[in-house]
Amino acid sequence: MKEPFSFEPGRVVESTQGRDKGNCFLILEHVSEDIVMIADGTHHRLENPKKKKTKHLRAKPVLLNLKALRPEGGALQNSDLRRALEENGFADKRSLREGD
């Protein structure tokens, strides 16, 4: 089934397979036709993004401008990714569990 939204840098995606199933990430870059690099700023950080096949991701209707996440200029930081996901309602489900 074809995704209604494209897998482009800045797109919010949800993992549908693997250990990170159900968690949301931002696409950082396209590696090949069916592989992207994703990060959430917490478990998969900018220094070590996760390589994921697009067939294991569900694209969300939210597309963010990665350059605009850092309005004061400078390099994008993990806190910028976390803040952007949280502000758009995609908070990390793992960090919301009681007792953690």
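About 6,400 Å² of this chain is accessible surface, and carbon and sulfur atoms account for 48% of that area (Shrake-Rupley method, 1.4 Å probe). The model is predicted, so local features need pLDDT of at least 70 and side-chain atom pairs count only at pLDDT 80 or more, while totals for chains, interfaces and linings use all residues. Residues are numbered from 1 along each chain as its sequence is written, and side-chain values use heavy atoms, with hydrogens and water left out.

Let's walk along the chain. Its elements run β-β-β-β-β-α from the N terminus, where helices (H or I, at least four residues) and strands (E, at least two) are DSSP runs.

| Property of the chain | Value |
|---|---|
| Buried residues (under 20% relative accessible area, 1.4 Å probe, protein chains only) | 41% of 100 residues |
| Average pLDDT (confidence in each residue, from 0 to 100) | 87 |
| Residues with pLDDT of at least 70 | 88% |

Over residues 96-100, however, pLDDT is below 50. Where pLDDT is low, predicted coordinates should not be read in detail.

Now for the inside. A nonpolar core is a set of buried Ala, Val, Leu, Ile, Met, Phe, Trp, Tyr and Cys residues joined through side-chain atoms within 4.5 Å. The largest has 13 residues, of which Val12, Leu26, Leu64, Leu69 and Phe90 touch the most other members. Strand E2 (24-32) and helix H1 (78-87) each give two or more residues to this core. A second, separate core of eight residues includes Val13, Phe25, Ile27 and Ile38.

Beyond neighbours within four places in sequence, Val12 is in contact (heavy atoms within 4.5 Å) with residues including Leu26, Leu64, Leu85 and Phe90.

Conventions: Buried < 20%, exposed > 50% of the residue type's maximum accessible area, 1.4 Å probe, protein only. pLDDT = per-residue confidence, 0-100.
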